[in-house]
Amino acid sequence: MKRVLLILMIVWGGGGKLFYEGMNLSPENKTSLSWGNRFEQQLICGVLGGWRPVVADLAWLRVTTSWESRQWSRLHENIRMAVRMQPESLLFWDIGAWHLAWNASLGERNNRLESQMEKRHERELYWIEQGRSLLEEGVRYHPNHFKIWLQLGLLHQERRHDFGAAYDCFLRASHLEGAPGYVARLAGYALEKQGDRARALEYWNDLLERSSNPADRTLIEKRLLKLEKDSMISPLKPLP
Amino acid sequence: MRALGFRVATLTGLIVRELLRQNVLYLILIPAVLTLLTLPLFTALTFEEQIKFTRDFCYGTMSIFGVFLAIIATAQSISNDLEQKTIFTILAKPIDRWEYLFSKGLGMSWILFLALLILGVLSAGLFALQEKGLIEAAVGNATHPLSAQELQGLRDQIWNPALLMALLILYFKLILMVGFTILFSTVASSSLFTIFTSLMIYVIGHLQSTAREWMMSSEGISVGMKWGVGFMTVILPDMSFYEGADRILMGASPGLSSLIPSFGYTFFNLFWILGLSTWLFESRDFR
């Protein structure tokens, strides 16, 4: 009798365990990461346990010191370490990319120790690409978070002058939960900067129809008026 | 039923007292407290970074020392009973073996609750110590005078009530590890074996969900491999059920219902673990 009870306990408890694990396999729990990346993440979790975020934070502390001492390669290494240890942290992706594509690249541009402008420019572009690569990895971890898409859009717009890519990123960010109204407007500005007046007009009109916030509507209407006024003077030209 | 409750309560009380006398409890708890006290040394951070670091550091300390406490103290406790022959005195009384194992788990849960309470209160104290400095720094760095609402927003970032839920999720995780340690203790002859096996289970448990998904979605895997991963899935715990705590540490404030998966998963696991442990313990011959 006792054995039967024990078997029932094992079967019922084990069944419950497997039922919960089956629920955990639902599509919304899946990410777009490769198996290798996922195994790596889980292994780090297991080995470091609760210290994983702390190790990431300590690497991040070194990011700040590397930035202050303008050691860009070390800065890059520490950013990589921090995001590898704790990819869930948006802060690391967001600020990490800003360090690379803005601070490191501008640091190289203004590097007086390098006399050849070509080399400076080459290094500047290198760090911009590192920042882009970091954010592109970040969006694979956080495909549904507007902040990373927004940052990627800004990087394309401000550092790479690729307004088409910037528009795509802003548009994607604007459709995600929690995105403030200005993100959708950034997509419109990117189209304007690209020189695509027809699409920009169409986009602004579309946004005006969709927008319910009075403050947003006022800004969009102002923009539309300006665009229409400008188009009477001269055709839009893409920014250099 | 009342007699059973009385027996379990008495045994649990005795086990808690015995655990409180164990050196291992203090050997783990004191370093944990000392580690937490080093937190004020890390201050060269921005407001957001400092809050994140404080949370991560306090939670990390509780998590890592909690896991060690759950595994080592449980393994030592059962192994001591066997080595010192206390088990004969206990089982000579009208106490079933499952009652003994259940009481061990219950006693250990109390100890873990106490340990988390001590570390939690200490962490709250450290948060309170940092609050004033953090707010002052945020006000100093702000480009405009902060309104009362904005100041409250900063305070809410520091004192996120969901952090208590993260602690509760950690508690469930630790109780699950107590369960697994008891399971290994029923067959192991040395506490060292139990400790290492339980630690291995803890590490591998983090890989379980990914391995399971890989097995379910990949094609062209050999039958042997599928069976291997399938067996691992049935036996091993899936630690991804406790990842909700990480999201809370990142600043999320989920509802109480988000505790259901970690609670339900722990509950069902403890059920089969108790059944299997009792089975194995019943078939063990003490000499």
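**Ground rules.** I'm working with a predicted model, where local features need pLDDT of at least 70, side-chain atom pairs count only at pLDDT 80 or more, and totals for chains, interfaces and linings use all residues. Residues are numbered from 1 along each chain as its sequence is written, chains are lettered from A and ligands numbered from 1 in the order written, and side-chain values use heavy atoms, with hydrogens and water left out.

**Interface.** I looked up contacts (heavy atoms within 4.5 Å) and found 53 residues of chain B touching 41 residues of chain A. Between them the two chains bury about 4300 Å², with 71% of it on carbon and sulfur atoms. Buried area here is the accessible area (1.4 Å probe) that two parts lose on being put together, summed over both. On the chain B side, B:Glu213, B:Phe268 and B:Trp279 supply 16% of the area buried against chain A, more than any other three residues.

**Cavities.** I counted four cavities of 30 Å³ or more. A cavity is a set of points on a 1 Å grid over the protein atoms alone where a 1.4 Å probe fits but cannot get out, and lining residues have an atom within 4 Å of a point. Volume is the space filled by probe spheres set on the points, which are joined across faces, edges and corners. The largest cavity comes to about 160 Å³. Its lining has 14 residues, and A:Gly49, A:Arg52, B:Lys173, B:His206 and B:Asp246 lie nearest the centre.

**Second largest pocket.** I get about 690 Å³ for this one. A pocket is an open set with protein on both sides within 12 Å along at least five of seven lines. There are 26 lining residues, and B:Phe102, B:Phe267, B:Leu270, B:Phe271 and B:Leu274 are the closest to the centre. Helix 11 of chain B gives the most to this lining, with nine residues. Helices are DSSP runs (H or I, at least four residues), numbered from the N terminus.

**Helix 7 of chain A.** I checked residues 146–159: 14 residues reaching 19 Å from first C-alpha to last, close to the 20 Å expected at 1.5 Å a residue. That expected span is 1.5 Å times one less than the number of residues. Eleven of the 14 are buried, meaning under 20% relative accessible area (1.4 Å probe, protein chains only); A:Trp149 and A:Arg159 are among them. Just after the helix, A:His161 takes a positive phi of about 55°.

How values were computed: Helices (H or I, at least four residues) and strands (E, at least two) are DSSP runs, numbered from the N terminus. Buried means under 20% relative accessible area, exposed over 50%, partly exposed in between (1.4 Å probe, protein chains only).
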